[in-house]
Amino acid sequence: MTDILEVARQQVLHDGTGLTEAQALECLELPDDRLDDLLQLAHEVRMRWCGPEVEVEGIVSVKTGGCPEDCHFCSQSGLFASPVRAAWLDIPSLVKAAVETAATGATEFCIVAAVRGPDARLMAQMREGVAAIKEAVDIQVAASLGMLTQEQVDELADMGIHRYNHNLETAKSYFPNVVTTHTWEERWETLRMVGAAGMEVCCGGIVGMGETNAQRAEFAAQLAVLEPDEVPLNFLNPRPGTPFGDLPVLAATEALKIVATFRLALPRTILRFAGGREITLGDLAARGVEGGINAVIVGNYLTTLGRPATEDLAMLSDLKMPIKALSQTL
Amino acid sequence: MIAVYCGRCGEPRESGHPACDRAMELEPPRYCPACRRRMVVQIVPTGWHARCSEHGELTG
């Protein structure tokens, strides 16, 4: 039988064709003593098809908590006994956060709201906030506001939102174990409209929610069909009071195999380290950046804290990986 | 402000909270350490602030 990494070297590295679902599963099930080889190949694929630049992003919650949905990983659901209280960020604070994010060298600033989908108040807040940010600072503005109507897609595109995040979260077959208040297909429909409107599509998920390796491979293959511009990879950080609050944190070796496999399934996408990497990988984050990752969220997340931006930027400098300039994103 | 309550779980500090203390290296407090009210917390990329209606604001 031919070794999966030899197959991937030809198919992904040389030809630029991502792994199939079955091939991704083979990679995920490689023994730990093949991890270095897997990461090395994923790094070569990233360098060949994406280049050495790393895209840096900051994210902020414009509306926190009180969400009517039941995403089992999320401390912002109003349906669970989570200690997170509802909060709105005002426009001056939003602009200040964007300015501070740009000062780190980030080229992306994503505005996030814990909602099923935006209402008129949130859309008005977005219009005013995005205009104020663009007036104050040069940074690409992205948004993540849940499920959208066609009118809302058009309105966000008109505001100048260049990328829209809406995570499928997990494989279609596992989604009902994670969310019951809406469907995977409803999320897919929003992503389809976003792409058709000309906005960049950002779609990833969370690993470590109890899914199997087969479902991780299924998810990678489903993302490959979607062809998102960016895939943020989160690692479950079990939140008190949520249904997934007692799940164990993913082992670092398992997380690194997932990173590398997603890179081999999605050779050209922006693959971003997102939430949970601190508790999952600790000091091994650099191995992920040398194993297929080419984007990071710097600073804090929506309800938890990250590493200081300076530490991540120092890590990238040590790895001799330049930060993508704003001029490359326009 | 004297920390009578754990900022993560809201229980009295007297019992010791090593797991909460470790977790709070990557989490802002959610409960007021003086009165255990749930606080309104806003996180931004470079910091956070948490407001108790009775005891004011904490920042980090």
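1. A nonpolar core here means a set of buried Ala, Val, Leu, Ile, Met, Phe, Trp, Tyr and Cys residues joined through C-beta atoms within 7 Å. Please keep in mind throughout that the model is predicted.

2. With that in hand, which residues touch the most other members of the largest nonpolar core? They are Ala220(A) and Leu264(A), in a core of 114 residues. Helix 9 of chain A, residues 252-265, supplies the largest share of this core, with eight residues.

3. Leu264(A) deserves a look of its own. Setting aside neighbours within four places in sequence, Leu264(A) is in contact with Ala8(A), Val12(A), Gly18(A) and Leu19(A), and also with Cys27(A), Leu41(A), Ala42(A) and Val45(A).

4. Now to chain A as a whole. Its secondary structure comes to 13 helices and ten strands. Along the principal axes, the C-alpha atoms of chain A fill a box of roughly 60 × 40 × 35 Å.

5. Of its 330 residues, 54% count as buried. Among contacts in chain A with a separation of 6 or more, 79% are between residues 24 or more positions apart.

6. Chain B has an open sheet of three strands, in the order 1-2-3, with antiparallel pairing.

7. Strand 2 (residues 47-52) and strand 3 of chain B run antiparallel and are joined by four bridges. Cys52(B) stands opposite Gly56(B), which belongs to strand 3 of chain B. As background, strands of a sheet pair through backbone hydrogen bonds, either parallel or antiparallel.

8. Last, the contact between the chains. How many residues does each chain bring to it? Chain A gives 22 residues and chain B gives 15 residues. On the side of chain B that touches chain A, strand 1 (residues 40-44) of chain B gives the most, with five residues. By class, that side of chain B has ten nonpolar, two polar and three charged residues.

Methods: Residues numbered from 1 in each chain as written. Chains lettered and ligands numbered in written order. Predicted model: local features only at pLDDT ≥ 70, side-chain atom pairs only at ≥ 80, totals over all residues. Contact = placed C-beta atoms within 7 Å. Helix = DSSP H or I, 4+ residues; strand = E, 2+ residues; numbered from the N terminus. Nonpolar A, V, L, I, M, F, W, Y, C, P; charged D, E, K, R; others polar. Buried ≥ 20, exposed ≤ 12 C-beta atoms within 10 Å, placed from the backbone. Pairing = 2+ DSSP bridges.
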